[in-house]
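Hi everyone, thanks for coming. I'd like to walk you through one structure today, so please keep the picture open while I talk.

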Amino acid sequence: MTQIYNFSAGPAVLPKEVLQQAADDMLDWHGSGMSVMEMSHRGPEFISIYHDAVRDLRQLLAIPANYRILFLQGGGLGENAIIPMNLLGRAAVQPATIDFVHTGSWSGKSIKEAARYANVNVAASSEPGHFTSVPPQQYWKLTRDAAYLHICTNETIDGVEYNFVPELPGGTPIVADMSSHILSRTVDVSKYGVIFAGAQKNIGPAGLTVVIVREDLLGHALDICPSAFNWKIVDEHESMFNTPPTYSIYIAGLVFAHLLRQGGVAAMEKRNIEKARLLYAALDVDDFYQNRVAPDCRSRMNVPFYLRDETLNEKFLAGAKARGLLQLKGHKSVGGMRASIYNAMPIEGVQALVDYLNEFAGR
Ligand SMILES: *Cc1c(COP(=O)(O)O)cnc(C)c1O
């Protein structure tokens, strides 16, 4: 097999060891005679897979005991509707207001969807600066008695990542979309009310959405909330109110165990800092390439960049492909290039990209 490096933003690269394990287990999981895909979600085999995955995720993120881990479907965008339907019932003021900080494409989508359920207050926006920074909290115009504050802590398309955790007065819960950087850095879960992530960036296959929710935020769903998306009901059934995405949960579990063997999230963070440093340094040598994000808000996971001479874009991508450097084309909404360097991207892959960047720039 030829060596390639996959820089896709998602679905994205998975650890080779995990894919090999899945291949070994494919026809016969642990002597059961069955593929995981064929198992009843209520049978002892899958129940053990589920319990191991929950236990390992709790350990990886040091999730406190008063937080529940839910495995849902519907993706990150599904959560944009599922969250208001679960949280608005507890708002002290009706009609409720949800605060948002608008830092890019994904928080923009969340704002649009939430506006169907409540008043939306954009407390701060980096849109005037073309989403190249996170507005410092001192400039946020928060609502008193907001139902919650929603932020996207890593904007996958714009390449902007929070380097701080907001501190809110009055106990307003913070809801964080961590889809594209969960497990890439240590996080103090206790600072958040809800953390959610589509699996296909840093966890496993598409089809699974991980939701980490503080216990007291369960049980406030609106009547219109579908039962299968009602966090309290899902929690009472250990994420098996309806058939969960069993195979995606199994692969996620393999990834969690793999991360623990690698030294956990702190070890990942160290590697991710090094990978990002290497790549940004190559982009910053001169203005042949440009990353336009404020240095202290640059994402360690998603690195968008532009060629100074954009007529060279196709040539750049063709040369990258010929060297096994795949999926570097930027998101269609912003153009240019983007390298996603999630946990499973080895430093050798980043180095190969850096070598190509230098070669293409004639350095
Ligand atoms: C990919 C992504 C999503 C969307 O997830 P879907 O599973 O496609 O709904 C949401 N938020 C962020 C930050 C993402 O990177």
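Let's begin at alanine 62, which is exposed, with a relative accessible area of 59%. You'll find alanine 62 in the loop between H2 and E2. Its phi is near 45°, which is a positive value in a residue other than glycine. That deserves a second look, because most residues other than glycine have a negative phi. Before going on, please keep in mind that this is a predicted model.

Histidine 30 is another residue to look at here. Phi of histidine 30 is near 50°, again positive in a residue other than glycine. Histidine 30 sits in the loop between H1 and H2, and at 59% relative accessibility it counts as exposed.

Now to the peptide bonds. In general, most peptide bonds are trans. So where do we find cis ones here? One runs from glycine 10 to proline 11, with omega near -10°. Proline 11 belongs to the loop between strand E1 (5-6) and helix H1 (16-25). Another cis peptide bond joins glutamine 94 and proline 95, and there omega is about -5°. Look for proline 95 in the loop between helix H3 (75-87) and strand E3 (97-102).

Next, the rings. How many aromatic pairs does the structure hold? The count is twelve. To describe such a pair, we use the distance of the centres and the angle of the planes.

Take tyrosine 50 and phenylalanine 71: this aromatic pair is 6.0 Å centre to centre with 90° between the planes, an edge-to-face arrangement. Tyrosine 50 is in helix H2 (residues 44-60) and phenylalanine 71 is in strand E2 (residues 67-72), so the pair ties together parts that are 21 residues apart in sequence. Are these two residues buried or exposed? Tyrosine 50 is buried, at a relative accessible area of 5%, and phenylalanine 71 is buried too, at 3%.

Tyrosine 289 is buried, with 2% relative accessible area, and phenylalanine 305 is buried with 0%. Both rings also belong to one aromatic cluster, formed by Phe288, Tyr289, Phe305, Phe316, Tyr356 and Phe360.

The charged end of arginine 292 sits over the ring of tyrosine 306, 3.8 Å from its centre. Likewise, lysine 109 lies over the face of tryptophan 106, at 5.1 Å from the ring centre.

Finally, let's zoom out. The domain assignment gives domain 1 (17-261) and domain 2 (263-361), and their C-alpha centres lie 26 Å apart. Where they meet, 25 residues of domain 1 are in contact with 24 residues of domain 2. Together the two domains bury about 2,000 Å² between them, with 52% of it on carbon and sulfur atoms. And how many salt bridges are there between domain 1 and domain 2? The count is zero.

That's my tour, and I'm happy to go back to any part of it.

Key. Residues are numbered from 1 along each chain as its sequence is written. This is a predicted model: local features need pLDDT of at least 70, side-chain atom pairs count only at pLDDT 80 or more; totals for chains, interfaces and linings use all residues. Side-chain values use heavy atoms; hydrogens and water are left out. Rings of Phe, Tyr and Trp (its six-membered ring) pair if their centres lie within 6.5 Å; planes under 30 degrees apart count as stacked, over 60 as edge-to-face and the rest as tilted. Helices (H or I, at least four residues) and strands (E, at least two) are DSSP runs, numbered from the N terminus. Buried means under 20% relative accessible area, exposed over 50%, partly exposed in between (1.4 Å probe, protein chains only). A charge sits over a ring if NZ of Lys or CZ of Arg is within 6 Å of the ring centre and within 35 degrees of the ring normal. Domain bounds come from an automatic or database domain assignment. Contact means heavy atoms within 4.5 Å. Buried area is the accessible area (1.4 Å probe) that two parts lose on being put together, summed over both. A salt bridge is a side-chain nitrogen of Lys or Arg within 4 Å of a carboxyl oxygen of Asp or Glu.
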